Amino acid sequence: MHLKNDPFQCHPYLIKNGDESILIDPGSMIEFSETVRKVKSVMDIGSIKYIILHHQDPDLAAAVPEIEKLINRDDLQIVTHSRMSLLIKHYLVTSSYYEIDKQDNHLVTSNGFRLEFLTTPYCHSPGAFVSYDPNSKILFSGDIFGGIDDSWDFYADESYFDKAKQFHQEYMPSKDIFNYALGKIEKLDIDLIAPQHGSMIEKRYIGKLIKDMKSLDCGLYIEEKYNRELMDTIDELQKKEHALKERNLLLFEQSKRAEIGEMIGNIAHQWRQPLAIINTSLAILKEKNQVDMLTKDEIADKLEKMERRITYLSETIEDFMNYYSPDKEKSWFSVHTAVEKALDIVNLEQNNRGVKINLLLNSEYKIYGLINEFVQVLVSILSNASDIIVTKKLSNANITITLSRNTEFTALCIADNCGGIGDENLSKIFDPYFTTKHKSIGTGLGLHIAKMIIEENMGGSLRAKNIYDDNNKKIGAEFIIRIQNEN
């Protein structure tokens, strides 16, 4: 039906599908009589089970209550979006709603006929959508691709964009939103577009029309002041983005320098104890050599110990070089062996007279990881104990190392009777650069690195607590390493 002297031509569509036929965008009361006449000319109007409403405006939906009365079916459903059903009810529509966003955006009738729905929000309604028949490859596009022009043709020609652009400029809210909808539509295989307004568009014109539509300034973009302010905003955002990239690059460079500095500090911390022992051994050798008191056995013993510590220093360098490497080769190793290696490096009993080491270890217990890293953890803990013994000049220090296992974890506990950790420091001892020592003997990185190795590289946990006697007097500290058992 062509409405004379009316640029808004409104087009209902009917999909004949037995007693589950579908009426699309039936229109207003202006078209009501002609729409009903045409439906009845091809089928019983009572065969309509679904009425699709692509939006809630009166030019599309106002006639629905009268059409409902003619169809007279209890199972009649209004197919629309939930954002629009709240508004459509104000026409006094009585049928139930088939809300597409709650039905996986498709409709399948009992005889297998299928329609797919693509949401096109804010074109021009927040719940707007289009309907696509994948069998016939027809797109029922609602307001999109509509045209308003007095010179109306049933089928569009190559000049249709000029007839359609005014409608889209005025009714599509913005270029961005419109292009979002067009981006969805252009992915479909379409033979024919059937819009609610204007002319139907055949396949040969569809590609170029979409391209032209994408370049169209519409809605807010045709407001000169808004458009100018928008362009200024975009320009400002681009400048800020460029400044942010430069800042991020600077932060990255600073981060890398800090990372290198931290690694150097870590290496220094791990090297202090072995180097001190090597230096002490050399001093003893030098002093005894000056008074001709050296024996071949003593020279061999000192050289052998220094060689072991130099090997440890070399391994430490290798470990730090590979610290962040994702392909480090892990293996099963004996916890007992790692403890003995760490004790040999720290050499507690030789450096601190009166220190007693109690080992309660099972040589059969093994864990999975890197033994050198695990040894570094033990060296950090034992070195701290050694430093405390020297600082406090303790003559009866005891260190007990206990290894246990249950069904879930293997646990290694290192306990001492050196007075414990200050309550104000207990929560900070694993923080980077936290130390109570003079800077000449401590960097505050040892326990921090130890915790990283256990928790990040070995998937375990490392914690510390104070030990108290029966009278609730603090007597020492205990470090507990727990490693989850591998299957």
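Tutor: Gladly! A helix here is a DSSP run of H or I with at least four residues, numbered from the N terminus. Keep in mind that this is a predicted model.

Student: Where does Ser 85 sit, then?

Tutor: Ser 85 is in helix 4, which covers residues 82-88.

Student: What makes Ser 85 buried or exposed?

Tutor: Buried means a relative accessible area under 20%. Ser 85 has 6%, so Ser 85 is called buried.

Student: Which side chain does the side chain of Ser 85 make a polar contact with, and how do you know?

Tutor: The cut-off for a pair of N or O atoms is 3.5 Å. The side chains of Ser 85 and Glu 99 are 2.7 Å apart, a polar contact. A polar atom of the Ser 85 side chain also lies 3.1 Å from the backbone oxygen of Ser 82. Leaving out residues up to four places away in sequence, Ser 85 touches Thr 80, Tyr 97 and Glu 99.

Student: What about Ser 383: buried or exposed?

Tutor: Ser 383 has a relative accessible area of 7%, so Ser 383 counts as buried. Ser 383 belongs to helix 12, residues 371-392. A polar atom of its side chain is 2.6 Å from the backbone oxygen of Val 379.

Student: Why is Arg 37 called partly exposed?

Tutor: That label covers values between the 20% limit for buried and the 50% limit for exposed. Arg 37 has 48% relative accessibility, so Arg 37 counts as partly exposed. Arg 37 lies in helix 1, and its side chain makes a polar contact of 2.7 Å with the side chain of Glu 34.

Student: Let us turn to strands. How do you know that strand 1 and strand 2 pair?

Tutor: Two strands pair if DSSP finds at least two bridges between them. Strand 1 and strand 2 are joined by 3 bridges and run antiparallel. In this pair, Leu 14 stands opposite Leu 23 of strand 2. The two strands form a hairpin with 5 residues between them, and Gly 18 in the turn has a positive phi of about 60 degrees.

Student: Which way do the residues of strand 2 point?

Tutor: Ser 21 and Leu 23 point one way and Ile 22 and Ile 24 the other, and all are buried. In a regular strand the side chains alternate between the two faces of the sheet.

Student: In what sense do strand 2 and strand 3 pair?

Tutor: They pair in the parallel sense, over 4 bridges. There, Ile 22 stands opposite Tyr 50 in strand 3.

Student: What makes strand 6 and strand 11 edge strands?

Tutor: Start with their sheet, an open one of 6 strands in the order 6-7-8-9-10-11 with mixed pairing. Strand 6 (106-108) and strand 11 (201-202) each pair on one side only, and that is what marks an edge strand. Within this sheet, strand 9 and strand 10 pair in the parallel sense over 4 bridges, and Gly 142 stands opposite Pro 195 in strand 10.

Student: What is remarked on in the phi of Leu 92 and Phe 145?

Tutor: Most residues other than glycine have a negative phi, and most peptide bonds are trans. Phi is near 70 degrees for Leu 92 and near 75 degrees for Phe 145. Leu 92, in the loop between helix 4 and strand 5, has a relative accessible area of 67% and is therefore exposed. Phe 145, in the loop between strand 9 and helix 5, has 0% and is therefore buried.

Student: Which residues does the cis peptide bond join?

Tutor: Cys 123 and His 124, with omega at about -5 degrees. His 124 is found in the loop between strand 7 and strand 8.

Student: Finally, what lines the second largest pocket?

Tutor: Its lining has 21 residues, and His 11, Pro 12, Tyr 13, Leu 14 and Lys 38 lie nearest its centre. Strand 1, helix 1, strand 9 and strand 10 each give two or more residues, with the largest share, 5 residues, coming from helix 1. The lining divides into 15 nonpolar, 3 polar and 3 charged residues. The space in this pocket is about 520 Å³.

Terms used: Residues are numbered from 1 along each chain as its sequence is written. This is a predicted model: local features need pLDDT of at least 70, side-chain atom pairs count only at pLDDT 80 or more; totals for chains, interfaces and linings use all residues. Side-chain values use heavy atoms; hydrogens and water are left out. On a 1 Å grid over the protein atoms alone, a cavity is a set of points where a 1.4 Å probe fits but cannot get out, and a pocket is an open set with protein on both sides within 12 Å along at least five of seven lines; lining residues have an atom within 4 Å of a point. Grid points are joined across faces, edges and corners, and a volume is the space filled by probe spheres set on the points. Ala, Val, Leu, Ile, Met, Phe, Trp, Tyr, Cys and Pro count as nonpolar, Asp, Glu, Lys and Arg as charged, and the others, Gly among them, as polar. Buried means under 20% relative accessible area, exposed over 50%, partly exposed in between (1.4 Å probe, protein chains only). A polar contact is a pair of N or O atoms within 3.5 Å; within protein, one must be able to donate a hydrogen and the other to accept it, and residues adjacent in sequence count only if both atoms are side-chain atoms. Contact means heavy atoms within 4.5 Å.
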